[in-house]
Every structure is written in C-alpha cells, then in structure tokens.
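Hi everyone, thanks for coming.

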Amino acid sequence: MLLGLTTALVATVCFGFGAVFQARGARSAPRADRVRAGLLAALARSWQFLVGTLLDIAGFVLSIVALRSLPLFLVQAVTNAGLAVTALAAVWLLGAHLHRADVAGILAVVVGLTLLAVGSGHEGRNHAPAAFHWTLLAVTVVMLLATLVLVRRDGTAAAAGLGLLAGVGFGVTSLAVRVLDASGPLAVLADPAAYALVVGGLGGYLAYALALQRGTVTAATAAGTVVETFGPALVGVLALGDAARPGLEWCALTGFAVAVGGTFLLSRFGEPEGGPAEPAAPHPDADAEPAVPPR
C-alpha cells in the first residue's frame, strides 16, 4: 500500500504542475469551433502545452501502479487533489494570489486525504467480466460523439458539458487500467479495456482543452471532477470489491467527502473576479497569464 500511495502522491504533483502549463498552452492557441487537425497542430506548437502533457503522461504512468494496488476511491481522491498542487504551483510560477477559500480548500484536501488514507483498506479485484471491458469501450465512443456535438456550441453550458465529458474519459481510463489484462502483449491487444484506455485518455484531453476555450475554469472542471472522482470510486466499490478498513468506514467516507469538498473550493482558483475587465494594452515585455485550471 505504501508504494501505491507514494506513486499516487507523486503523480498528483505531476498533474498539478502540468495543469499550469496546459492552461497557458490551450489559451494561447486559436479558438476552435470544430475538432480538426489544425487545433491539434496549434496545441503541439505550444511548448507550454507540450510540457504540461509530458507531466500528465508521467503522472499517468505513476498512477498505474497506484490504480493496480489501491482502492479506486483512494486513488481518484488523491489524483484529483492535484488542484491543491496547481494552486501552489501557480503562486510559485505565475505569481498568483491565494484567497481564504483557496487556503481552506488546500487544508480540506490535506485533512481529507489523511483521513482517507487511514480508513482505506486493500484494493478489490483487478479483473472483471468481458462485458465490463466492452462497456468501458462503448462509453468512450459515446463520449467522443457527444464531444463532436458540443464543440459546435458556445457558452458556460457547453464548457460544463465538455468538462463533464472530459471527466467521463478520465474516469474510464482509471477503470480500464484497473481491469486491463496485462498478462502479455497479445492479451493487452485483445482486451477492449486497452482501447478504452487510449480513447478515453485522448478524448478526455481533447474535451478538456475545448472546454477551457469556452467558459470559466469552474464551469469547465466542476462537473468533470464529480464524474471523474465519484464514478470510478462507486464502480470500484460496487463491481470490483473495493472497501474501507473494517470499523473505519466512517473515516474513509468522511475523508473522501472532505477531500472532494476541498477540490470544489479550489475549482474557482484562478477565476477572474467580478465581470469581464476592459482590455488593457499588454506590457511589451510581459504576457498576460490565463486562469489556471486543474488537471
């Protein structure tokens, strides 16, 4: 359990710092009203987005160890706590300022994760029926089709919808890692969960980048946080046998709720205060910083 928890925490640091760079890269790219190669090319030309993506890849590789050795509700709560790391990284790298709600959110995340770690038991099964694997793949296909529809729309509702779809993609990725048949290369290639992992991850990143271009940070991330955190956690408990330590169920449940509550407090981090400000002439030696979203 110690190895899994350590890799989950390091992955969270990678996700948190990666979000700072991805936000700057996504908002420096031309706004897209459809999914096309030009959007991907524009993101690929942004070194900030590439650095953020590399950090996310490193975080994902580390999280594989955690997902295969810890209950999903613990891993999802820890990795989604990357918002706290994002807030601290933005203070250090971008000169952002923390408000009382931000500090309260960071403290809630720390307290919640501590309680959750104390109350968590061993992980359940790392296998599931074939129908479960095919269902994961089918969900990613539906997620991509819905993204193609929402990308043509504007406003807060579209941003929230795309954020939710990103959460679905990332949530399916976590479940796919958990049940993937890793007994050999041929087994991986024959497993629908492997393709759900790839499609869910790439589709989630695409939906997330599009959401950032259409609405506020909160609109783009709040719904996705709920789906990405609660969805796999619930499936892990109901279908894969994850459980808390006997007698400490209250501790795990309280920790999960407090950690997720802190994540919601932090979801407004980097949000502009008040209404839209009048555009000002940029300083010739400085670029305006965008709001900083979580992973």
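First, some ground rules. This is a predicted model, where local features need pLDDT of at least 70 and side-chain atom pairs count only at pLDDT 80 or more, while totals for chains, interfaces and linings use all residues. Residues are numbered from 1 along each chain as its sequence is written, and side-chain values use heavy atoms, with hydrogens and water left out.

So, what does the protein chain contain in the way of helices and strands? There are 12 helices and 0 strands. Both are DSSP runs numbered from the N terminus, with helices being H or I and at least four residues, and strands being E and at least two. Reading along the sequence, the pattern is α-α-α-α-α-α-α-α-α-α-α-α.

The protein chain has 295 residues, and 50% of them count as buried. Buried here means under 20% relative accessible area, exposed means over 50%, and partly exposed is in between, using a 1.4 Å probe and protein chains only. Now look at contacts, meaning heavy atoms within 4.5 Å. Among the contacts with a separation of 6 or more, 87% are between residues 24 or more positions apart.

Let's turn to helix packing. Please find helix H4, residues 72-80, and helix H6, residues 100-119. Their axes come within 10 Å and cross at roughly 160 degrees. The axes are lines fitted to C-alpha atoms, for helices over the stretch in contact, and the angles run from 0 to 180 degrees between N-to-C directions. H4 and H6 are therefore roughly antiparallel to each other. On that scale, under 35 degrees is roughly parallel, over 145 roughly antiparallel, 65 to 115 roughly perpendicular, and the rest oblique.

Which residues make this contact? From H4 we have Phe73, Leu74, Ala77 and Val78, and from H6 we have Leu113, Leu116 and Ala117. By class, that gives 7 nonpolar, no polar and no charged residues. For the classes, Ala, Val, Leu, Ile, Met, Phe, Trp, Tyr, Cys and Pro are nonpolar, Asp, Glu, Lys and Arg are charged, and the others, Gly among them, are polar.

H6 also packs against H12, at an angle of about 155 degrees and with the axes 7 Å apart. That makes H6 roughly antiparallel to H12. In this contact there are 16 nonpolar, 7 polar and 1 charged residues.

While we're at H12, which covers residues 249-266, let's stop at alanine 252. Is alanine 252 buried or exposed? Its relative accessibility is 6%, so alanine 252 counts as buried. Setting aside neighbours within four places in sequence, alanine 252 is in contact with Leu115, Leu116, Gly119, Ser120 and Ala244. From alanine 252 to threonine 114 is 138 residues in sequence, but 9.3 Å in space, C-alpha to C-alpha.

Next, the aromatics. Rings of Phe, Tyr and Trp (its six-membered ring) pair if their centres lie within 6.5 Å; planes under 30 degrees apart are stacked, over 60 edge-to-face, and the rest tilted. How many aromatic pairs does this rule give? The count is 2.

One of them is phenylalanine 170 with tyrosine 205, edge-to-face, at 5.1 Å centre to centre and with 70 degrees between the planes. Phenylalanine 170 sits in helix H8 (residues 155-179) and tyrosine 205 in helix H10 (residues 192-212), so this pair ties together parts 35 residues apart in sequence. Phenylalanine 170 is buried at 4% relative accessibility, whereas tyrosine 205 is partly exposed at 23%.

Then there are phenylalanine 230 and phenylalanine 256, with ring centres 5.1 Å apart and planes at 85 degrees, so this pair is edge-to-face. Phenylalanine 230 belongs to helix H11 (residues 217-239) and phenylalanine 256 to H12, 26 residues apart. Phenylalanine 230 is partly exposed at 37%, while phenylalanine 256 is buried at 9%.

Finally, back to helix H1, residues 2-28, where threonine 7 lies. Threonine 7 is buried at 10% relative accessibility and, not counting residues up to four places away in sequence, touches Leu62, Val65 and Ala66. Leaving aside neighbours within four places, cysteine 14 is in contact with Leu55, Asp56, Ala58, Gly59 and Leu62.
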